[in-house]
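Me: I'm new to reading protein models and would like a close look at one part, taken slowly. Could you pick out a single helix and walk me through what surrounds it?

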Amino acid sequence: MNDPEYLSAAERAFMLNAFEIDILPGVRGDLDEPLASASPGELVPILLPLIDRGWIDVCRVIPWTPPSGGAGFQPGPPLVRDELLNVLAEVSSWEYPESDDWIGCVTLTHTPEGRLISW
């Protein structure tokens, strides 16, 4: 069903994470327990339907140079399905990096269809 009214609280957390273009571990702050501390195996089945509906893309964070210069980052291209499933199964994808460098981390973004969903 594509009606956002029927999204569960957990699905809404993933949609919020994609709206914020936060790295994947950030979704845990928007999930209620026991999902906030759940394993990837418990979280992936919540996320995959949102991807399959065409609302969310999963990307890696890549470097970006803003017009003012300096260093920044942005979402890279969406991961292809085989890579996506492998990345989401990795525990490290669901954990914050030890450094402040998010390059290479997994992030969620809304697709054009996902941007039309409001809750």
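Reply: Let's start with a term we'll need: a salt bridge is a side-chain nitrogen of Lys or Arg within 4 Å of a carboxyl oxygen of Asp or Glu. By that rule, this structure, which is a predicted model, holds two salt bridges.

First, the helix itself. Helix α2 covers residues 40-52, which is 13 residues. At 1.5 Å a residue they should span 18 Å, and the end C-alpha atoms are 17 Å apart, so the two values agree.

Now, which residues of α2 are buried? They are Pro-40, Leu-43, Val-44, Ile-46, Leu-47, Leu-48, Leu-50 and Ile-51. To make sense of the spacing in that list, remember that an α-helix has 3.6 residues a turn, so residues three or four places apart point the same way. As for what lies over the buried residues of α2, the cover includes α1 (9-20), β1 (56-64), α3 (81-89) and β3 (106-110).

In soluble globular proteins, nonpolar side chains tend to be buried together. Here the largest nonpolar core has 29 residues, and Phe-14, Ile-56, Leu-88 and Trp-94 touch the most other members. At least two residues of this core come from each of α1, α2, β1, α3 and β3. Our helix, α2, gives the most, with seven residues.

Take Phe-14, which sits in helix α1. Its relative accessibility is 0%, so Phe-14 counts as buried, the cut-off being under 20%. Beyond its neighbours within four places in sequence, Phe-14 is in contact with Leu-43, Ile-46, Leu-47 and Leu-50, among others. The contacts of Phe-14 also include Ile-56, Trp-94 and Leu-108. Ile-56, with its own close sequence neighbours left aside, is in contact with residues including Leu-47, Leu-50 and Ile-51. On other sides of the chain, the contacts of Ile-56 include Phe-14, Met-15, Ala-18 and Leu-108.

Next, the two salt bridges. Asp-52 pairs with Arg-81, and their closest N and O atoms are 2.5 Å apart. This pair links distant parts of the chain, with Asp-52 in helix α2 and Arg-81 in helix α3, 29 residues apart. Is Asp-52 buried or exposed? Its relative accessible area is 52%, and over 50% means exposed, so Asp-52 is exposed. Arg-81, at 36%, is partly exposed. Helix α3 also holds Leu-85, whose C-alpha atom is 9.1 Å from that of Leu-48, a residue 37 places away along the chain.

The other salt bridge joins Glu-11 and Arg-53, whose closest N and O atoms are 3.9 Å apart. Glu-11 lies in helix α1 and Arg-53 in the loop between α2 and β1, so the pair ties together parts that are 42 residues apart in sequence. Glu-11 has 12% relative accessibility and therefore counts as buried, while Arg-53, at 27%, counts as partly exposed.

Keep going just past α2 and you reach Gly-54, which takes a positive phi of about 85°. Most residues other than glycine have a negative phi, and most peptide bonds are trans. The backbone oxygen of Gly-54 lies 2.3 Å from a polar atom of the Thr-111 side chain. Where is Thr-111 placed? You'll find Thr-111 in the loop between β3 and α4 (112-115). Its relative accessibility is 6%, so Thr-111 counts as buried. With its neighbours within four places left aside, Thr-111 is in contact with Gly-54, Trp-55, Ile-56 and Asp-57.

Finally, look back at the loop between α1 and α2. Pro-34 is in this loop, and the peptide bond from Glu-33 to Pro-34 is cis, with omega near 10°. Ile-21 is in the loop between α1 and α2 too, and its phi is near 50°, a positive value in a residue other than glycine. With a relative accessible area of 42%, Ile-21 is partly exposed.

Key:
Residues numbered from 1 in each chain as written. Predicted model: local features only at pLDDT ≥ 70, side-chain atom pairs only at ≥ 80, totals over all residues. Heavy atoms only, no water. Helix = DSSP H or I, 4+ residues; strand = E, 2+ residues; numbered from the N terminus. Expected span 1.5 Å × (residues − 1). Buried < 20%, exposed > 50% of the residue type's maximum accessible area, 1.4 Å probe, protein only. Contact = heavy atoms within 4.5 Å. Polar contact = N/O pair within 3.5 Å; in protein donor to acceptor, adjacent residues only side chain to side chain. Core = buried A, V, L, I, M, F, W, Y, C linked by side-chain atoms within 4.5 Å.
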